Amino acid sequence: CFSLGYALEKRGLYGEAFEVYRKGNMVKRNLVRYDARENYRNTQRLKTFFTPEFFASVSSSGDPSPDPIFIVGLPRAGSTLVEQILSSHSQVDGTMELPDIISMARRLSGKKNVDEAGAFPEVLSQLTSAQLEELGKEYLERTRVHRTGKPYFIDKMPNNFPNIGFLHLILPNAKIIDARRHPLDSCLGNFRQLFAKGQTFTYDLTDIGEYFLQYERLMDHWDEVIPGEVLHVQYEDTVLDLETQVRRILDFCGLPFEENCINFHETERAVRTASSEQVRQPIYTGAINRWRYYEQHLEELVDVIEDVRERYQQYEGINADKFAS
């Protein structure tokens, strides 16, 4: 169904494409376990635990290494583009979506029920500064196998956005970049994608929309409790003014400007995500507002994300002539 939807889309048959995408998603949704209520509870739990006061109490903790650059966000929101820009720099190793932070957080939870005392993230309040530093060192050691000796490396696990508080505790000098995109393009991109594994929230439009809301609320929370620690990079801004955004990203990472980062599509490295084809091409605007091809089918999604859509209104007029025709 996903392959057929893609083929129909290429022929401009968007109504037919959406129907087979919908069918494929319904089949897949019945094969995976995802609970939107559990996701909501986990988000609230993180927001309750990670407060400015907590961060102030552990301000001198963690491993001071500045090596990691974390790129987080939703799938299909431009994280691979940001990764390719940065990995084109002579001082940065591009690696892959590394599971280590998620694995370490799960281990700390002891696989306990989320309502049990001592489960993650509450267990973090019981750790000493020395233990938090050891966790930072453990992460650096676990990820060393993916590096080639450059000063910095990228961890592009998008699902690390709930773990920003944890990784900031154990690696306070790591850089964190949030790659985001207009919610209708981002959510539709997930609905059109059959993932090899994980991303179980992506097979129902309401689930995707609710997940996006929790993502935005949690990212807003990180901005409040650790202000300035996360750089937000908007896909549309990057596509429309590449050099400005490249310089902004490099400045945030403390890296000098290099022309290779503008010519990221010429960088030869393995890209193991669904965006591997796109980042082999020069920058293009054709993917902005792709959701308009499917607008009449997205009422369910629009109803869910309507409260945050206003944040992105400035981007909705891009490519207007194309969609009007």
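The legends below describe close-up views of a predicted model.

Local features are given where pLDDT is at least 70 and side-chain atom pairs at pLDDT 80 or more, while totals for chains, interfaces and linings use all residues. Residues are numbered from 1 along each chain as its sequence is written, and side-chain values use heavy atoms, with hydrogens and water left out.

**View 1. Helices H1 and H2 pack against each other.** Helices (H or I, at least four residues) and strands (E, at least two) are DSSP runs, numbered from the N terminus. The axes of H1 (residues 2–10) and H2 (residues 14–29) are 8 Å apart and meet at an angle of about 170°. Axes are lines fitted to C-alpha atoms, for helices over the stretch in contact, and angles run from 0 to 180 degrees between N-to-C directions. H1 and H2 are therefore roughly antiparallel; angles under 35 degrees count as roughly parallel, over 145 as roughly antiparallel, 65 to 115 as roughly perpendicular and the rest as oblique. Residues in the contact (heavy atoms within 4.5 Å) include Phe2, Leu4 and Tyr6 of H1 and Tyr14, Ala17 and Val20 of H2.

**View 2. Helix H6 is mostly covered.** Of the 10 residues of H6 (residues 100–109), 7 are buried. Buried means under 20% relative accessible area, exposed over 50%, and partly exposed in between (1.4 Å probe, protein chains only). The buried residues are Asp100, Ile101, Ile102, Met104, Ala105, Leu108 and Ser109. Their cover includes strand S1 (68–73), helix H7 (129–143) and helix H8 (164–170). In the loop between H6 and H7 lies Pro121, which is joined to Phe120 by a cis peptide bond with omega of about 5°.

**View 3. Asn190 and Arg76 touch.** Asn190 belongs to helix H9 (residues 183–191) and counts as buried because its relative accessibility is 0%. Apart from residues up to four places away in sequence, Asn190 touches Pro75, Arg76, Phe195, Phe201, Thr202 and Ile208. Arg76 sits in the loop between S1 and helix H5 (79–87). Arg76 is not a glycine, yet its phi is positive, about 65°. With a relative accessible area of 15%, Arg76 is buried.

View 4. H10 (residues 205–225) has 21 residues, so at 1.5 Å a residue it should span 30 Å, which agrees with the 31 Å between its end C-alpha atoms. The expected span is 1.5 Å times one less than the number of residues. In H10, 15 of the 21 residues are buried. At the start of H10, a side-chain oxygen of Asp204 comes within 3.0 Å of the backbone nitrogen of Thr206.

**View 5. Thr238 in helix H11.** H11 covers residues 235–240. Thr238 counts as buried because its relative accessibility is 2%. Leaving aside neighbours within four places in sequence, Thr238 is in contact with Leu81, Ile85, Val233, Gln245 and Ile283. Thr238 and Leu81 are 157 residues apart along the chain, but their C-alpha atoms are separated by 9.0 Å. A polar side-chain atom of Thr238 lies 3.0 Å from the backbone oxygen of Gln234.

How values were computed: A polar contact is a pair of N or O atoms within 3.5 Å; within protein, one must be able to donate a hydrogen and the other to accept it, and residues adjacent in sequence count only if both atoms are side-chain atoms.
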